[in-house]
Amino acid sequence: MSINRRQFLGLGGAAVAATALVPGLRLIELAQARSPEEAVTSLHRWGLLIDSSKCADGCTSCVSACADENGIQSHGRPATDAQWIRKVTLKDKQTGHVQTLPLMCQHCAEPPCVDVCPTGASFKRADGIVLVDKHICIGCRYCMMACPYKARSFIHEVTTGQKAHAPRGKGTVESCTLCVHKVDRGDGSTACADACKKEGHQAILFGDLKDPSSEISKRLASQPSTQLRADLKLNTGVRYQGI
Amino acid sequence: MRTVNLHRTLTGFMLAAGLILASSSSLAHEKEGHATGVSGRVPMPVHSVNADKGDKCVRPEEVMRRDHMKFILHQRDKTMHEGIRTTQYSLKNCVDCHADAKTGSVLGKDGFCESCHAYAAVKLDCFECHSASREAATAAIPAASPVRAKGSESAKGKKP
């Protein structure tokens, strides 16, 4: 069998295309399910899209689900109890229109809490999740003052009954981890988003902001959304609709 | 020079004798401790391993005794900052294997971690934040009073 020049070049081109395409597909495939020994990368940026028009007044299932998932227990002292999500009620004074929304750590791309941390305990993971390394945290609470969203809590009292995946202890600051243990497990959702879905509201959507094919990216691309305090240019990972 | 050498030899001999004495007494001590659970003065550490997890640790025992904190510390930073959650050196893995069969915990008088740390008089900080109980055991313990935001009761009441 003999092949002419054109056929040869055609075959070569196809081979090049196949090798170029296959690693690409492989990358995406790996991105979907990261193995436990692989470090997180900036190929992803995890975030939430919260539609406050779907958030029901009086419903706090996201708050309770977060507490259950992360073993947050009340000491009966609301002023000092840890709070990873809280429900905020907004009222338009002119029209009287009331709406509620869940507010948690906004997982900023430029987090002020990280800027002010004197020990490096407050940090942003490569995939955009802002966390506190409680091994390094000295409990100075600078980050709590720096956060424009009041998203962080200081643990004032001895904690018991922690979950194995969510260590918590006295003298450190903590906040929403975007259910980092679930993210690392590849669950593709957070406790609050699951609870909201279960309640039938579907106000919270979790996803990868860097993946154009994810539902969150599609919705962000096609519908209007806002960042809270966008004037601070923090580029939040949690976006809102309907406010 | 000669006197120095003699001195050295003598010291060496005494040291060796001391070591032999110490090791033999510690052996006796260990035997006694294992038999009764307590020695004359300090309770001996309890060496509990979850039988269905096998009888081999992730590294040889003598390595683990000396260096377990190094492995845990290294793993800690990998997990916290890079999201690497391999189980080999994870604290969770330690707890899963070594938690006491009765209490499901590595703490307490018979707890694997606490009994040895008490014996060696080394402060154990891990479990001020981390769960000291085996995962299944933790799940079985009902949460004392999980946080409920205002209005959650009324919201719950609405459901059938």
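Me: Which residues have the most contacts inside the largest nonpolar core?

Reply: In soluble globular proteins, nonpolar side chains tend to be buried together. A nonpolar core is a set of buried Ala, Val, Leu, Ile, Met, Phe, Trp, Tyr and Cys residues joined through C-beta atoms within 7 Å. A residue is buried if 20 or more other C-beta atoms lie within 10 Å of its own, exposed if 12 or fewer, and partly exposed in between, with C-beta atoms placed from the backbone. Here the largest core has 49 residues, and those with the most contacts inside it are Ile50(A), Cys62(A), Cys66(A), Ile85(A), Cys192(A) and Ile204(A). Elements of chain A that each supply at least two residues of this core include S1, helix H2 (61-70), helix H6 (191-198) and S8. A second, separate core of 13 residues includes Leu91(B), Ala99(B), Leu107(B) and Cys113(B).

Me: How should I read the numbers and letters?

Reply: This is a predicted model, in which local features need pLDDT of at least 70, side-chain atom pairs count only at pLDDT 80 or more, and totals for chains, interfaces and linings use all residues. Residues are numbered from 1 along each chain as its sequence is written, while chains are lettered from A and ligands numbered from 1 in the order in which they are written.

Me: Which residues does Cys192(A) touch?

Reply: Two residues are in contact if their C-beta atoms, placed from the backbone, lie within 7 Å. Not counting residues up to four places away in sequence, Cys192(A) touches Cys62(A), Ala65(A), Cys66(A), Ile85(A), Pro102(A) and Ile204(A). For chain A, among contacts between residues at least 6 apart in sequence, 61% join residues at least 24 apart.

Me: How many helices and strands are there in chain A, and what share of its residues is buried?

Reply: Helices (H or I, at least four residues) and strands (E, at least two) are DSSP runs, numbered from the N terminus. Chain A has seven helices and nine strands. Of its 243 residues, 39% are buried.

Me: Which way do the residues of S8(A) point?

Reply: In a regular strand the side chains alternate between the two faces of the sheet. In S8(A), Ile204(A), Phe206(A) and Asp208(A) point one way, Leu205(A) and Gly207(A) point the other way, and all are buried. Five of the five residues of this strand (204-208) are buried, so S8(A) is largely enclosed by the rest of the structure. S1(A) is mostly covered, with six of its six residues buried. Trp46(A), Leu48(A) and Ile50(A) point one way from S1(A), and Gly47(A), Leu49(A) and Asp51(A) the other way.

Me: In what order do the three strands form the open sheet?

Reply: Strands of a sheet pair through backbone hydrogen bonds, either parallel or antiparallel. Two strands count as paired if DSSP finds at least two bridges between them. The order in chain A is S8-S1-S9, and the pairing is mixed. S8 and strand S9 (238-241) are the edge strands, each pairing on one side only. From one strand to the next the twist averages 20°. S1(A) (residues 46-51) runs antiparallel to S8(A), joined by five bridges, and Leu49(A) stands opposite Leu205(A). S1(A) and S9(A) pair in the parallel sense over four bridges; Asp51(A) has Gln241(A) as its bridge partner.

Me: Which helix lies across these strands?

Reply: Axes are lines fitted to C-alpha atoms, for helices over the stretch in contact, and angles run from 0 to 180 degrees between N-to-C directions. Helix H7 (215-222) of chain A lies across S1, S8 and S9, running at about 105° to S8(A). One of its residues is Ser217(A), which is partly exposed, with 18 other C-beta atoms within 10 Å. Leaving aside neighbours within four places in sequence, the contacts of Ser217(A) are Gly207(A), Leu209(A), Asp211(A) and Pro212(A).

Me: Where is the kink in helix H2 of chain B centred?

Reply: The bend at a residue is the angle between axes fitted to the seven residues ending there and the seven starting there. In H2(B) (residues 61-82) a kink of about 75° is centred on Asp67(B). Gly83(B), with a positive phi near 70°, follows H2(B).
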